[in-house]
Amino acid sequence: MIGLAGIIALAVAVAIAYQSLPGFDEMKRSPNGQSVEIRGDDGTVLASFGPSYGEWLSYPEIPATMKNAMIAVEDRRYWYHPGIDPIGIARSFVVNAMRGNKAQGASTITQQLARNLFLTASKEYTRKLREVVLALAIERKYSKEAILELYLNRVYFGGGAYGIDAAARKFYGHSARRMSIEEAAIIAGLVKAPSRFSPSADAEAARKRAATVIDVMVDAGSITPEEAAAADPRLVQFAPQARPAGVRYFTDWVLAELESLTDETNEPLLVETTLNAKAQAFAEAAIRAETPKGAQGALVALARDGGVKAMVGGTDYVRSNYNRAMTARRQPGSAFKFFVYAAALEQGVKLDDIYEDKPITIGNWSPKNNNNSFAGPVTVRQAFAQSINTVAVEIAQQVGFDTVAEMARRFGITTPVDRQPAMALGSSVVTLFEMTNAYATVANGGLENAPYAITRISTGSGRVLFNRAAGDTRQVVAPVVAAQMTQLMQAAVEEGTARAARIGRPLAGKTGTTSSNKDGWFIGFSSGVTTGVWMGRDDNAAVRGLAGGRAPARAFAQFMARAVGGTPPEPLVTDVVEDGAMLEPDAQSYGIDMGEAPPVEGEPPPMEDSPRLDQNWLDKTLQEKSGTEPAGKQPQPG
């Protein structure tokens, strides 16, 4: 009676589970979590996060070798049992009783499918009972072929790959539509312990496990001994696995940006970005090669439109994921003179104006040059090229330290800017990312294109969630000021402190070195790419021999020579004719609307028929401003 009651209860439970099971198509869509794949500008996969899914293969499309291997190793009596294997359960019960633990399971493929789709992986008996009920219901609902199709497209094979197609593409670089015995054996062997036998984790362990699977296939009659002898897992060539460590500084930033661009949390996401995989490899190599021992290095490269082409946030992401390109705030040294000279040029200082390199004292502070000597009279061009400190301080004092600080703000520096005299020599802290963007603005004729990384976001089903339109721009300085700044930076490369950065094509840039060699900078541009390099220690200790014109400049040159080497050299824009009708850059840089202004009381309406100024209105205005009447003129009515 007890046995009969148990059978009736089990039948009722199976019937209820049967009614609650979704349809086959819905089972195919059942997600295991959201995956995010980040690609470069040429479609190269930079990094994948979360589960990855390959192409869904129908039962006839799945190679027989793959089906046979999986059944042989996971569920030899698959075609005959009703969803559970009584023989396997009995054997498991005996083994576990002898060992006093739950060492051996007896899950069929159908039970594993039920667990993967509907349950957890806990080893509690209540969970096991639910698994049995679901397995029996699944066997009643779907055919054996359909169950095997679901299983092979849903089971986890390690490395984030769900399904045999995702596993084949990840480990072999091709679709699962074609699979050798060795390849099928390797994948079938992963189900037992994906993390331990995954080829991406331990290729040798994966091959040894595959040899065991091949022996099991022979024993099960899936293949002949001759076929087994010809199958050698040692000959399987695994696809090279991406080493995302270096690019993770960039992809971490992209993942943070994703939150503000889409609220999709279920469908897999494909994120297309501006990063160039080859340029990124060049950047990582340059930083590794040139960064002094014990120091850190960072690099940012921006395209003309603001797209980030390469980003290195440190020498080793695995040891430290702190992004020094985006987050670290360091003193820029003489690289900050960029803002001093930009402010001076905007106020009318000329490149050939003469300043005297001599001792200067402001309050209790007396800045010195790096060589502790003075050159006497020098032009503005020479002072910038040689990075003369005294002249930079004198110019900053002349135009006003507040003016220099506001110029830095206009160029996008968001960190606090010191307004004391020492700020002219880079006493304020900045980020490499913002400094590089400022220099890129000059390379672009004074027009800033906001930096960006993500160009398109779509789902696994092809639904487009975000498509970047043309970004906002703002005129930070007049083109003539940008052209003059370019001349100054070109002089620094050709005859000044930045000669180590030369790459055999037109180049403009500036070095920066802080006191006691704690920070070294080089930022420059050529052929439509602006690149900034910083080096130093995280603990702010001095680095012997570190100077912007040495290791940072060499890293810049090594990277840029390869990054732009395949493009035609572009001349630098160093000569721009001033346009008197040009919009005032200050207004645009602060977002002031430059549209038609409202009429002012006393001002005549626009004269569409004649561009000539209304002389009567002018005379009246002059009279009101000065309190006197213009000579030879009498006030005119109206």
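In which crossing does helix 5 pass helix 7? In this predicted model, helix 5 passes helix 7 in a left-handed crossing. Helix 5 covers residues 109-118 and helix 7 covers residues 144-154; their axes lie 10 Å apart and form an angle of about 55 degrees. An angle of that kind is neither roughly parallel nor roughly perpendicular, and helix 5 is therefore described as oblique to helix 7. On the side of helix 5, the residues that meet helix 7 are I109, T110, Q112, L113 and L117. Their partners in helix 7 are I147, L148, L150, Y151 and R154. By class, this contact comprises seven nonpolar, two polar and one charged residues.

The axes of helix 9 (residues 181-188) and helix 11 (residues 203-220) come within 8 Å and cross at roughly 105 degrees. Because angles from 65 to 115 degrees count as roughly perpendicular, helix 9 is roughly perpendicular to helix 11. Helix 9 contributes I181, E182, A185, I186 and A188 to the contact, while helix 11 contributes A206, A210, V213 and I214. Eight of these residues are nonpolar, none is polar and one is charged.

The reader may now turn from helices to strands. Strand 14 (residues 508-513) has five buried residues out of six, so the rest of the structure largely encloses this strand. Strand 14 pairs with strand 15 (residues 519-526) in the antiparallel sense, over six bridges. Within this pairing, G512 stands opposite W521 of strand 15. The two strands form a hairpin with five residues between them. In the turn, S516 has a positive phi of about 60 degrees.

Technical notes. Residues are numbered from 1 along each chain as its sequence is written. This is a predicted model: local features need pLDDT of at least 70, side-chain atom pairs count only at pLDDT 80 or more; totals for chains, interfaces and linings use all residues. Side-chain values use heavy atoms; hydrogens and water are left out. Axes are lines fitted to C-alpha atoms, for helices over the stretch in contact, and angles run from 0 to 180 degrees between N-to-C directions. Helices (H or I, at least four residues) and strands (E, at least two) are DSSP runs, numbered from the N terminus. Angles under 35 degrees count as roughly parallel, over 145 as roughly antiparallel, 65 to 115 as roughly perpendicular and the rest as oblique. Contact means heavy atoms within 4.5 Å. Ala, Val, Leu, Ile, Met, Phe, Trp, Tyr, Cys and Pro count as nonpolar, Asp, Glu, Lys and Arg as charged, and the others, Gly among them, as polar. A crossing is left-handed if the near helix is turned anticlockwise from the far one by less than a right angle, and right-handed if clockwise. Buried means under 20% relative accessible area, exposed over 50%, partly exposed in between (1.4 Å probe, protein chains only). Two strands pair if DSSP finds at least two bridges between them.
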